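Subject: Structure for your review

Dear colleague,

Please find below the structure that I am handing over to you. My notes on what was found in it follow directly after.

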Amino acid sequence: MNIDENCGEPRIHTKTKFLSIAIFVFLILCFLSACEGPVGPVGPVGPVGPQGPEGPVATQLAAPKLLSPGNLTIFNHYPRVTSLLWSSVSGAAIYQLQIDYGWNCSATDACLKWSGREQYYDRLLEQTFFVFNFVGAQPGRWRVRAIDSNGKLGLWSQYRYFEFTI
């Protein structure tokens, strides 16, 4: 800031004014663009969804898309470290992952002998991946669903099947 010699008042240079205005405009544009998401404007309670006669209609969370491994993947490595990966779901707070194994069948069969009513793994996870050691040289299957911050369960993904030969 310079002091104007004629009046003794502080004077802001033109460059400083321009920079201040540019920063202000930049911040406003950033704020406005943050209010737009892939599904449209964000309201006070989140993305604007379907409207019914009494306000927003609750919708169930979509099923995550299973990304890896591909369906019917055959693995032949030991130790049987397995990495599962799925897409994130908008509105999800956590994910429920279920992993199961079969015996006396292959991943390509209609494997009727799965481990039973209890899943081999049934985990709640915040991330969209899971790495674990699979049990035995046998087929396995897995699926995932999203759960929102209120505990509302989303749709299950389809099962995806894999098999270890070693």
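W142 stands opposite R160 of strand β15. The model is a predicted one, in which local features need pLDDT of at least 70 and side-chain atom pairs count only at pLDDT 80 or more, while totals for chains, interfaces and linings use all residues. Residues are numbered from 1 along each chain as its sequence is written, and side-chain values use heavy atoms, with hydrogens and water left out.

Strand β14 (residues 139-147) and strand β15 (residues 160-164) pair in the antiparallel sense over 4 bridges. Strands here are DSSP runs of E with at least two residues, numbered from the N terminus, and two of them pair if DSSP finds at least two bridges between them. Strand β11 (residues 94-101) is also joined to β14, by 8 bridges and in antiparallel fashion. Along this pairing, L97 stands opposite V144, and Q96 has R145 as its bridge partner.

These strands belong to an open sheet of 5 strands with mixed pairing, in the order β9-β15-β14-β11-β12. Its edges are β9 (73-75) and β12 (121-125); each has a single partner strand, so one side of each is left without a neighbour in the sheet. Neighbouring strands are turned by 20° against each other on average, direction ignored; the axes behind such angles are lines fitted to C-alpha atoms, for helices over the stretch in contact, and angles run from 0 to 180 degrees between N-to-C directions.

How many residues of strand β14 are buried? The count is 9 of the 9, so the strand is largely enclosed by the rest of the structure. Buried means under 20% relative accessible area, exposed over 50%, and partly exposed in between, with a 1.4 Å probe and protein chains only. Both faces of β14 are covered: P139, R141, R143, R145 and I147 lie on one side, and G140, W142, V144 and A146 on the other.

A search of the whole structure finds 12 aromatic pairs. Rings of Phe, Tyr and Trp (its six-membered ring) pair if their centres lie within 6.5 Å; planes under 30 degrees apart count as stacked, over 60 as edge-to-face and the rest as tilted. The rings of W86 and W142 have centres 6.2 Å apart and planes at 50°, so this pair is tilted. Because W86 lies in strand β10 and W142 in strand β14, the pair ties together parts that are 56 residues apart in sequence. Both are buried: W86 has a relative accessible area of 1%, and W142 one of 0%. The rings of F132 and F134, with centres 6.4 Å apart and planes at 75°, form an edge-to-face pair. F132 and F134 are buried, and they belong to one aromatic cluster together with F75, Y121, F130, F162 and F164.

Strand β10 takes part in another open sheet, in which 3 strands are ordered β8-β10-β13 with antiparallel pairing. The edge strands, β8 (66-68) and β13, each pair on one side only, and the twist averages 25° from one strand to the next. Between β8 and β10 there are 2 bridges, and S68 has L85 of β10 as its bridge partner.

L85 is partly exposed, at 36% relative accessibility.

Yours sincerely
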